Structure formats: C-alpha cells, structure tokens
Amino acid sequence: MSAGVLICRNYKGDVNMAEIDHFMPLLMEHEEEGLLCPVLSHGNVHFMWIKHSNLYRILVVATTNKNSNASLVYSFLYKLVEVFTEYFKELEEESIQDNFVVVYELLDELMDFGFPQTTDSKILQEYITQEGAKLEVAKTKVPTTVTNAVSWRSEGIKYKKNEVFIDVIESINVLVNANGSVMSSDIVGSIKLKTMLSGMPELRLGLNDRVLFALTGRDKGKTVVMEDVKFHQCVRLSRFESDRTISFIPPDGESELMSYRINTHVKPLIWIESIIEKFSHSRVEIMVKAKGQFKKQSVANNVEVRVPVPSDADSPKFKTSTGNAKYVPEKNMVVWTIKSFPGGKEFLMRAHFGLPSVENDELEGKPPITVKFEIPYFTVSGIQVRYMKIIEKSGYQALPWVRYITQSGGNLY
C-alpha cells in the first residue's frame, strides 16, 4: 500500500481533511504494541477502518468526531468494497487510480451528507458506467429504480426460463472444553436466493416456523424457533409481523433474503480427541482422532483440522489414515485436510516434531484445536422450506430449487 491517501470524500465537512495523516502512524504504533483494534482515535477524531484482501494494500477508513453508529459505518465500508469490486473486478491501488472519475461518481451516489443512499451495485450500474460519455448522463437522468417503490428491482426484466434457486446455509460454532463438555454453541443461518424471473413477480416463502404454526393452530412435525431475524428490504415487514408471512418482490439475480439465529444445544458434528506427549528438550508427538457424529448418508467436504504446535518446533513428520497434513510454521500449526469425511467414520493423524526447548510452553499458552467443514444437503437446526409460491400477472410457472448446506465457523477444542 502506498503511504499516501489514494482517494477521499468529505461528506459533511466537520472533520479536517488533514486528520487522515495521523491514521497510518497510529495504526503501525498499535500493531507493533499488539493492541490493534477496528477503532482508533486521535484527539476527538475516530478512525473506523477495514482491511481488504488480508493485505495492507487497501485500507478503507471512515472518520468521525461524533458518537456515530459504528455498525452502520462498518456495514457501509464493506458495501463500498463490494460495489467497487463489482465495478473493477479487483479492488487494488491500480484499479482505483485508473478509475478516479467512476470512483467519485460512486461515492457521490452511495452516500449523501453522511447518510447512505443507493448501495445496490445492480442499480448503480444502470446509470454509472465506466465509459466517460455515459457518466454525464447520470447528472440529468436518474433511473426509475431509484425513485420506484421497488428500488431494488428494474422493470422490464425478461427470462426465457423462469427459475428460483434457494440456498439455506447454516454456520455452527461450538466451544468444547478439555473434558469434552460443550461450553457454548449457536447456529447462524441465512437464506440466499438466485432469482431469474421475468416481470415484477411476488413471492411467498413458507418455513417450518414454530410461531407461525402456533398462530394457525398447527403444530405437526419438527418446527424451529428463529431469533434475531433480519430481512432484505424487499420483504414486507408489516405482513411478517402480523401473520409471519414472508412476502416479497425479489431483487434480480443473487441476494440474501434473510438471516437468523437459533439458540439451541448443538453437539460437535466432528468430534476431536487429541493426545500430546512431550519428551523434554527433544521432541513432541501429537495424535489427533476425528470422528463424524452426523448421519452416515451425509458427507462433510473440505474438512480442515488446525492443531497448534510450539513455536520452536521443527523437523515435522506426519502419518494420516486419510487426507494430508501440512506444517504451517508462520502460524505455528498443523493443518490436516480431509476432502471427503463420511458420517460415522473415524480418522487418525499423527505428527512428530523436534523440540529444542519446552521451557516457553507455559508462557505461550495453549491455543485450541479448530475444525472447519461443509456438509451439503443438511441443516443442524432442521429448518425447512415448506413452499415457495410465485405470483405474477402473466401467470407463468417457475420452478424453485432448494439446497441445504451446513458450515462450521470453527469448532474449538
């Protein structure tokens, strides 16, 4: 990343533009002290920042001298990165320098006097293009989608084949102590759509929602209780609050319709047992056993077991019953990857390291083992899409496809 500011926009004029010069020295100082945090302050000015691509190549920073809504600021920064990526494919220093005019046009449309406005990249692409001649049109002609009641969808969309794809994706996070007891667990889910429908269709989605079944006097089969439900702006919230009906006119293409959290006890889907034997000043041997505790007909894909090792370990040797183990010295861990892990199966990994010294072990602490994976066609909570009704004046029939996926945000042992 270059030391200077690539591009900036002062929306309200209440923060001196020279304040940004304090950001990088402040960031480097906090990083050297190991006190890096997402909000940095210099006097009465606060810097809220995000890092793109896990490299200090692009930093997106917002400045404020008031008690601003931090969650709103960070949502906007991530949306900004998403829009720039949609336009330039890669958000790099070069792409920003090559598209200064487009970037400034986008900044002017994304926010007005410190308040987010049009942040949907599909809508922005209707009147802000990368051709300079078309940029002038944006000042006099605003697309109807910006002023429409349905601002997230353009009119006149046509498809030869009308389809809706639904993905129900759940991430589970489980914390397990050394005795094998689950200390905490949660499920965070989202329902994502890929909509390819003509016209301006209205969709209605039905889930096995326990509150809905209680309202209608039905309580058959497995139901779930969803908490912290958040919807895309297309969902009619008044309708949902009155009778739990999820009714909406969907955006075209891919979108996240809703997210939710389910507070329920979850057992680890992949159980980990580990034995660590240390031979003073010579070597350490690690044995890890992984067992699938989910249905035998299901398969976990891209399983990744991360096992921490002492920082002074060397000369790694591995033996696995399946998959591959790799030493990652810069992160002081062994990464054991298993491409396909059927339910009910057990696998072993043994690692041997040379260990010049074990005296710093207590000072280093003992980081947990983490497990990440993905199980298609399976949800832990039991949530189900009961129906998807598609209503449109032309009366076409569209076929919805539903796919369920469970992901691990990281089981800790």
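Phe 23, Phe 47 and Trp 49 are linked into a cluster by ring pairs, where rings of Phe, Tyr and Trp (its six-membered ring) pair if their centres lie within 6.5 Å. The model is predicted, so that local features need pLDDT of at least 70 and side-chain atom pairs count only at pLDDT 80 or more, while totals for chains, interfaces and linings use all residues. Residues are numbered from 1 along each chain as its sequence is written, and side-chain values use heavy atoms, with hydrogens and water left out.

Over the whole structure, the search finds eight aromatic pairs. Among them, Phe 231 and Phe 240 have ring centres 4.8 Å apart and planes at 70 degrees, and the pair is therefore edge-to-face (planes over 60 degrees apart; under 30 counts as stacked and the rest as tilted). Phe 231 and Phe 240 are both buried, that is, under 20% relative accessible area, with exposed meaning over 50% and partly exposed in between (1.4 Å probe, protein chains only). The pair of Phe 318 and Phe 353 is also edge-to-face, because the ring centres are 5.9 Å apart and the planes stand at 80 degrees. This pair links distant parts of the chain, with Phe 318 in strand β15 (residues 314–320) and Phe 353 in strand β18 (residues 346–354), 35 residues apart. Helices (H or I, at least four residues) and strands (E, at least two) are DSSP runs, numbered from the N terminus. Phe 318 has a relative accessible area of 30% and is therefore partly exposed, whereas Phe 353, at 0%, is buried.

In helix α1 (residues 23–32), the buried residues include Phe 23, Leu 26 and Leu 27. They lie on the same side of α1, because they cover an arc of only 100 degrees around the axis, taken from the directions from the helix axis to the C-beta atoms. The cover of the buried residues of α1 includes β1 (39–42), β2 (45–52) and β3 (58–64).

Strand β7 (residues 182–196) contains Met 196. Not counting residues up to four places away in sequence, Met 196 touches Tyr 159, Lys 161, Asn 162, Glu 163 and Phe 165 (heavy atoms within 4.5 Å). Met 196 and Asp 252 are 56 residues apart in sequence, with a C-alpha to C-alpha distance of 6.4 Å.

Tyr 104 lies in helix α4 (residues 100–110) and counts as partly exposed because its relative accessibility is 33%.
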